[in-house]
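Here is a short report on a two-chain model. It starts with the interface and then turns to single residues.

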Amino acid sequence: MTETVLTHDNEPLEGVVKGRSLLDTALLRLKRNRAAMVSLWVIICMTLAAIIGPTISSHSYDEVYNHFVGEKPSIGAYPKQEQITPITERALSRARVDMEDMNISKDSIKIYIVNRKQEPLDPRITRYLLRADIFQNVELEISQDDPQRGVISADIRPLRFLMGTDQNGRDLLTRILVSLRISLMVGALATGVALIIGVTYGAVSGFIGGNIDNLMMRFVDLLYSLPFVFFVILLVVFFGNNIFLIFIAVGCIQWLDMARIVRGQTLQLKQQEFVQASEALGVNLSNIIKRHIIPNLAGTVVVYMTLLIPRVILLESFLSFLGLGVQEPLTSLGVLIAEGARYMRNDPYLLIFPALTMSILLFALNFLGDGLRDALDPKDR
Amino acid sequence: MLNYAFKRILTIIPTLFAIVTLTFFLMRIAPGGPFDEERPLAPAVLENIQASYGLDKPLIEQYFIYIGNLLQGDMGPSFVYRDKRVHEVLAEGLPISITLGSTALLMALIIGVLLGSIAALNQNKKTDVFIVTFATFGITTPNYVIAPILTLIFALTFSILPATGWGSPSQMVLPVISLALPQIAIVTRLMRGSMLEALKSDHIRTARAYGLPMTHVVGKHAMRSALLPVLSYLGPAAAALMTGSIVIEQIFNLPGIGRYFVTSALNRDYTMVMGTVIIVATLVLVFNLIVDLLYTVLDPRVRYD
């Protein structure tokens, strides 16, 4: 009987209702939870933004615009009409030339210049204008009859700072995207390490049981009583400022909860009838683990993972806030918040945007974790 | 019960010992030293300084000397705060940190338990939704975000409260609130969950069937079992408050011990690091002990024999 069903596995028999698996039910329940679904989409969007955002952004996260320090957020493009003249004048004085006349149109500029020294113009002075960030395609046309005079024509390069610039003149939006990338990467890394250690440790401890289980869990209890943050700070000292090494280390500490949960689940599963039945049928150990233990653990582990990621992200930003995490010019949400807090009096947007990003990310991760827990909880089905 | 308490106190000592040992060697193996400066000292000078602090001896010998001094209540000289012993430096800041932390903890407990109970009693009504939203907000917003925003609103915009400093009660308000807020949120959520469960239990239904007044049912019977999960959260809460106080003390410029956590580790102020680790570890361990003992009082089913 069993065999006939197995052979027809791919073509469902007529009249046989396909049973709903654990996963199907969980997905269905998750889909009904609107907060969790919205959170899921928010997380997907944020992850995509973190991955491709910094690449498609027209600014680099460490590009400094000296002329646009602390610009307020705006949809319009910089430079504003009234900014062009002073920026141009400064660039020209660096180039040691005087301006005789200037025509500014909407997106291009024509400057009539004369050299301060009694010498012909050097064509290399165009680089002073390029350095002013707001020009592109700068061309110098030296006058035929008077090599001391010339005309510079250039296109004005529109710069957009949707979230403004920071106190060093860097685009805040790009920096937020980069820090989102760092935060998510660090969260995934530490959680991955914690996952591997925790699941292995917990499953082994629960499966073997007896004295070894007892001993292994005492060890976990001992680690629990360590002042955790302190150890992280020591690890920072130890690994210097390599953020990724630090977070592998954080993962090495954060596995404790995971080990406890997995151990409890394994102990419970071991006594379930279906596991005993497969044991009685002679299924070997590795197949029992593959077919029964891991699929049944997966739910709990996934829930715990989504709840661990925000904790790691919080920890990372906490360290960065204290100046122990990511180092300049690279950035993270904690660094941005710390900087924003310093300048919030005059430029509150420097604090508000990173703080908002962080809150939304953590909100979404928490809601998704709660939703998954509800969806996978067999108790109130 | 006494027996259990005694046993638990005995297990604290080896744990503390393990922590001290681990920290000692981790710190010493870490690259760098307390006398690293921008311009390196002359080798002879450096040797003399190290000899005067006993750093020239083999590491194992230093360890035993340190443990010996520690047992006599001496945490050694600070490497950075010259002419001061570590315990003197810590004794100055500790009262401030303790005041800050315990006030925040008390506030988190009282407000959290109240809000959680109110939410549970009004399950799925507007009050409940409001409180749950507030709690989620509190959990997801770390206190280094809350603190600057509160400062921006109350100190800079409205000038009601001072932004920094320590001493007067008004200076305590902002630090305590920003430190307590995430904990309030967590306690609220815990309390709401456990109160909901407690209200469904049989003894509560019986009490209501007897016609006992609602305040009595909730305040006396449901509260007792609902408080247990909150109680077991106290240990982690104490640890979280300690972590939080590092940031809060920095933001509000308070002279507590929080700042030594970071600076001493970065300056390789070995003895200071050890001192702060010992204090924090002791606090956390003692807190866990108290919580376990309180458990027997609140839940007669739990017995330690």
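Predicted model: local features only at pLDDT ≥ 70, side-chain atom pairs only at ≥ 80, totals over all residues.

Across the interface of chain A and chain B, three residue pairs are in polar contact, both residues at pLDDT 80 or more. The count of salt bridges across that interface is zero.

## The interface of chain A and chain B

Contacts join 32 residues of chain A to 40 residues of chain B. The area buried between the two chains is about 3200 Å². Carbon and sulfur atoms give 82% of that area. In chain A, the residues that lose the most area to chain B are F230(A), V237(A) and F238(A), together 19% of what that side buries.

Which elements give two or more residues to the side of chain A that touches chain B? They are α8 (228-239), α11 (285-321), α12 (333-342) and α13 (349-376) of chain A. α13(A) gives the most, with ten residues. By class, this side of chain A has 25 nonpolar, four polar and three charged residues.

## Aromatic pairs

Over all chains, there are seven aromatic pairs. Ring pairs link F24(B), F25(B), Y63(B), F64(B) and Y66(B) into a cluster.

W41(A) lies in helix α3 (residues 34-56) of chain A. W41(A) counts as exposed because its relative accessible area is 53%, and exposed means over 50%.

N253(B) lies in the loop between α9 (214-251) and α10 (258-266) of chain B. Its relative accessibility is 57%, so N253(B) is exposed. Phi of N253(B) is positive, near 55°. Most residues other than glycine have a negative phi.

Conventions
Residues numbered from 1 in each chain as written. Chains lettered and ligands numbered in written order. Heavy atoms only, no water. Helix = DSSP H or I, 4+ residues; strand = E, 2+ residues; numbered from the N terminus. Buried < 20%, exposed > 50% of the residue type's maximum accessible area, 1.4 Å probe, protein only. Phe/Tyr/Trp six-rings, centres within 6.5 Å; stacked < 30°, edge-to-face > 60°. Contact = heavy atoms within 4.5 Å. Buried area = accessible area lost by both parts, 1.4 Å probe. Salt bridge = Lys/Arg side-chain N within 4 Å of Asp/Glu carboxyl O. Polar contact = N/O pair within 3.5 Å; in protein donor to acceptor, adjacent residues only side chain to side chain. Nonpolar A, V, L, I, M, F, W, Y, C, P; charged D, E, K, R; others polar.
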